[in-house]
Amino acid sequence: MAKRSEVGIDKKTDVAVFRFICNKAVNKDDEERVKEVLKEVVPPRFTVCVEFKKVVADSDLVKKSIDEFIKSEFMSVSPYIRKNCINVDFVEETCNFSIDCDEDVYRYAEANGVADRICEYLEEKFCIEFSGSMNCVGKTDADISILKDDTPIDVVRSETLRTYEVKDVVRLWGDEIDGEAVYIEDARNVEGVFSFAGKINSINERVAKSGKTYYVVEIDDTTGKISGKIFMNKEKLSKIQKLQVGSSILVRGELETFNGAPSFKIKDLSYCEFPENFVYREKESKPVPAEYKLVFPEPIVEYSQAGLFEEERPVPECLLGRTFVVVDIETTGIKYFQGDKITEIGAVKIVDGKITEKFQTLINPEVPISDEITALTGIDDKMVKDMPVFADVLPDFYKFCYGSAIVAHNLEFDYQFIKYMAKDSGYDFKNEGIDTWPMAISVLPRQKNYKLNTVCDYFGIKFEHHRAMSDAHATAKLFLEMVNIKKSV
């Protein structure tokens, strides 16, 4: 038995990696058959790679996984659930577990769907079905007060998060929530226990692999949208139908990352009244540094042999009076949520339609660079060993970008990576973002693919692919060529 555990897409190299976990070894013939099936459903431009990891569930490993999950997700009850309280039994392709616990812990676990949450977690890790329950062993000396999650939000959130007050909070289920809610816009790139408010956009019923029903609710507070999962218990089942699209609610739960993407699990839910005259408060940022300290921009003189004898092309009006910074980064991998870091930044400034400056530096990621990444970028551990770390480069880069629109080919990757790396620095990037990928699709609708080297080839732009400065410079030239065709940005 095998199942997909993760899919990784690298749009720069057009590689789609499908990772599977299985309970038996997979031979090369089976691996090739899986690859051929996937090629039929993946767009032709992508190279398909498959990876299989053998994971066999045994009693000790399952107990260890349950113990780790409880300590991670339910810290308030973990002192009262010892590893020897976890019972595991295998019946064919199903693993049944039960957890012996005190009466107060049992009530908490039932109210919060602990057994179902554990099943969901285990079924992501192993290739068999799981069934679990909590086993009440009576009253002990456990103190129920410790089971209430009353941790002040200020303890678990970053100081940079913005909040506002909602009114008329009426509990629907779970614990009472105070009226303070975090801007949903600030929920990106953070983890912890948070409260959000907003109007319900949608409510969708889902069925997990275990057969258990859960719901996904999307709310909007005008600063952003967030979807939260609601795992069912008796109290929630009796009240979930009361939720309606358009209702204003206040929710509290755990915001974390799973397989590199944000995941919000709603624990407590109340009705509320959203502020009638909500005033958006800009996020405070550190002031722009007065001068460069470490990385200094250098001028770029743009010329070509042919251009020496040609009349200069007029600059499209839409570029006049505007400044753009075209950015490219090299990294140790694509999952910044899981610890990948930046190894190089290259940026080119365009002022009034002319390329004027460049900003370039290698960066010490403080983590090893894999052989695969070195083969792709040419950057290895030795090259970055004596280079500055990202935090030291950031003030200069922020100054270079200030007042400009950020341009990149596949903007979502480069810009979000930088924002995530800068999230605790106090430097808040609010720059407008422009992606040359969709621009290329609209300007060149019949290209076989839209990788940077492919669209640059169309315009005769030569560069060294997968080095940040060269990629940024090429993207800047590409941007100007496409704007000259569109006559708009």
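Helices (H or I, at least four residues) and strands (E, at least two) are DSSP runs, numbered from the N terminus. Strand β2, for instance, covers residues 15-22 and contains F18.

This is a predicted model, where local features need pLDDT of at least 70, side-chain atom pairs count only at pLDDT 80 or more, and totals for chains, interfaces and linings use all residues. Residues are numbered from 1 along each chain as its sequence is written, and side-chain values use heavy atoms, with hydrogens and water left out.

Back to F18: is this residue buried or exposed? F18 has 11% relative accessibility, so it counts as buried. Between F18 and L38 there are 8.8 Å in space, C-alpha to C-alpha, and the two are 20 residues apart in sequence.

**Nonpolar cores**

A nonpolar core is a set of buried Ala, Val, Leu, Ile, Met, Phe, Trp, Tyr and Cys residues joined through side-chain atoms within 4.5 Å. The largest one here has 31 residues, and I342, F390, F397 and F429 have the most contacts inside it. At least two residues of this core come from each of β16 (323-331), β17 (342-351), α9 (390-401), β19 (405-408) and α10 (411-421). Take F397: leaving aside residues up to four places away in sequence, it is in contact (heavy atoms within 4.5 Å) with V327, I345, A347, F359, I418 and F429. There's also a second, separate core of 30 residues, with F324, M439, A472 and L480 among its members.

**Salt bridges**

Side chains of opposite charge can pair when their charged atoms come close. In a salt bridge, a side-chain nitrogen of Lys or Arg sits within 4 Å of a carboxyl oxygen of Asp or Glu.

| Pair | N to O distance |
|---|---|
| E32 and K35 | 3.7 Å |
| R171 and E235 | 2.7 Å |
| E481 and R313 | 3.4 Å |

E32 and K35 are 3 residues apart in helix α1 (residues 28-41), so about one helical turn separates them. E32 is partly exposed at 39%, whereas K35 is buried at 17%.

The bridge between R171 and E235 links distant parts of the chain, strand β8 (residues 167-173) and helix α6 (residues 234-237), 64 residues apart.

What does the bridge between E481 and R313 tie together? E481 lies in helix α13 (residues 468-486) and R313 in the loop between β15 (298-299) and β16, so the pair joins parts 168 residues apart in sequence.

Terms used:
Buried < 20%, exposed > 50% of the residue type's maximum accessible area, 1.4 Å probe, protein only.
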